[in-house]
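Please find below a colleague's note on the model under review. It is set out as numbered points, to be read alongside the coordinates.

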Amino acid sequence: MAQTTAIVKALKQALKEQGKSYKDVAEALQLSEASIKRLFSDGHFSLKRIDCICDMLGMEITDLLAEVKKQQQQLKTLTTEQEQQLVADEALFIIANSVLNRWSFEKILATYQFTTPELIQYLARLDSLKLIELQPNNRIKLIVDRSFSWIKGGPIQQYFEKQVQNEFLRSRFNKPGEKRLFVSGMLSRHANNLLQQKMQRLIDDFNDQALLDENLTTDERFGTSLIVAMRHWEPSFFDKRRRKPDERRF
């Protein structure tokens, strides 16, 4: 399963590099675009279909496997100590987030209040952390894996959780590009599990779109955050009115 996931990621990267979309794949495989999205989400590709996509991209399956091997050698996460370094230095954190979103040296310099020597110094620190490779003429090569993620419950996630509570949710979500939905009801464990699978597919779709949108300039892309959450919960005043605590365990 891990190898299948790696192959799918390599295919997505190849599509992005050649400016191809799911629509192009759908035409090549003679399937609907919705079917292609499900294939990429579930990873249920036959060897014949992988070969067909490779042919569309003008590459061999061996080229795809070579890319898989390359990706597997890339950094997938930092250590707790490295994440703490980022959290402890606001400027370093801003620049790290920018390069992870494929910003160029020039874009960072034009957007944030750094001098050229300062920015080079911070990028050199990210180079030492193995997030990037700082190349001649200040070109930035991102060398982390496409599936790179922050440590679950680590310093970065703790920081963002605090920011989410203090800033992100302090909104009416009624402006263009904003939406908030809330629903409450009673679900079985089975229904809960099914919905969690759909939530994961939504997150996968978000990441897929972010990958495809890397073909656009940074002026055409906007920093966007999406929260998808579900838990066994009821307001505290409900609990206070109970004759006895709900001691069931999910």
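1. Basis. The model is predicted, so that local features need pLDDT of at least 70 and side-chain atom pairs count only at pLDDT 80 or more, whereas totals for chains, interfaces and linings use all residues. Residues are numbered from 1 along each chain as its sequence is written, and side-chain values use heavy atoms, with hydrogens and water left out. Helices (H or I, at least four residues) and strands (E, at least two) are DSSP runs, numbered from the N terminus.

2. Burial of helix 7. Eight of the 11 residues of helix 7 are buried, so this helix is largely enclosed by the rest of the structure. Buried here means under 20% relative accessible area, exposed over 50%, and partly exposed in between (1.4 Å probe, protein chains only). The buried residues are Ala91, Leu92, Phe93, Ile95, Ala96, Ser98, Val99 and Leu100. They pack against helix 6, helix 8 (105-111), helix 9, strand 1, strand 2 and helix 10 (155-168), where contact means heavy atoms within 4.5 Å.

3. Helix 6 against helix 7. Two packed helices are described by the angle between their axes and the distance between the axes. Axes are lines fitted to C-alpha atoms, for helices over the stretch in contact, and angles run from 0 to 180 degrees between N-to-C directions. For helix 6 (residues 80-88) and helix 7 (residues 90-100), the angle is about 110° and the axes are 5 Å apart. Helix 6 is therefore roughly perpendicular to helix 7; angles under 35 degrees count as roughly parallel, over 145 as roughly antiparallel, 65 to 115 as roughly perpendicular and the rest as oblique. Gln85, Leu86 and Ala88 of helix 6 meet Glu90, Leu92, Phe93 and Ala96 of helix 7. Five of these contact residues are nonpolar, one is polar and one is charged. In this classification Ala, Val, Leu, Ile, Met, Phe, Trp, Tyr, Cys and Pro count as nonpolar, Asp, Glu, Lys and Arg as charged, and the others, Gly among them, as polar.

4. Helix 7 against helix 9. Helix 7 packs with helix 9 (residues 116-128) at an angle of about 70°, with axes 10 Å apart. The two helices are therefore roughly perpendicular to each other. On the helix 7 side, Ala91, Leu92, Ile95, Ala96 and Val99 meet Leu119, Tyr122, Leu123, Arg125 and Leu126 of helix 9. The contact comprises nine nonpolar residues, no polar residue and one charged residue.

5. Leu129. This residue lies in the loop between helix 9 and strand 1 and is buried, with a relative accessible area of 6%. Its C-alpha atom is separated by 7.2 Å from that of Gln82, 47 residues apart along the chain.

6. Asn138. Is Asn138 buried or partly exposed? At 24% relative accessibility, Asn138 counts as partly exposed. It is found in the loop between strand 1 (132-135) and strand 2 (139-142). Leaving aside neighbours within four places in sequence, Asn138 is in contact with Phe105 and Ile120.

7. Cavity. A search of the whole structure finds one cavity of 30 Å³ or more. The largest cavity has a volume of about 30 Å³, and its lining consists of Lys12, Leu15, Tyr22, Asp208, Leu211 and Leu212. A cavity is a set of points on a 1 Å grid over the protein atoms alone where a 1.4 Å probe fits but cannot get out, and lining residues have an atom within 4 Å of a point. Grid points are joined across faces, edges and corners, and a volume is the space filled by probe spheres set on the points. Helix 11 gives the largest share of the lining, three residues.

Definitions and conventions: 1 Å grid on protein atoms, 1.4 Å probe; cavity = no way out; pocket = protein on both sides within 12 Å on 5 of 7 lines; lining within 4 Å.
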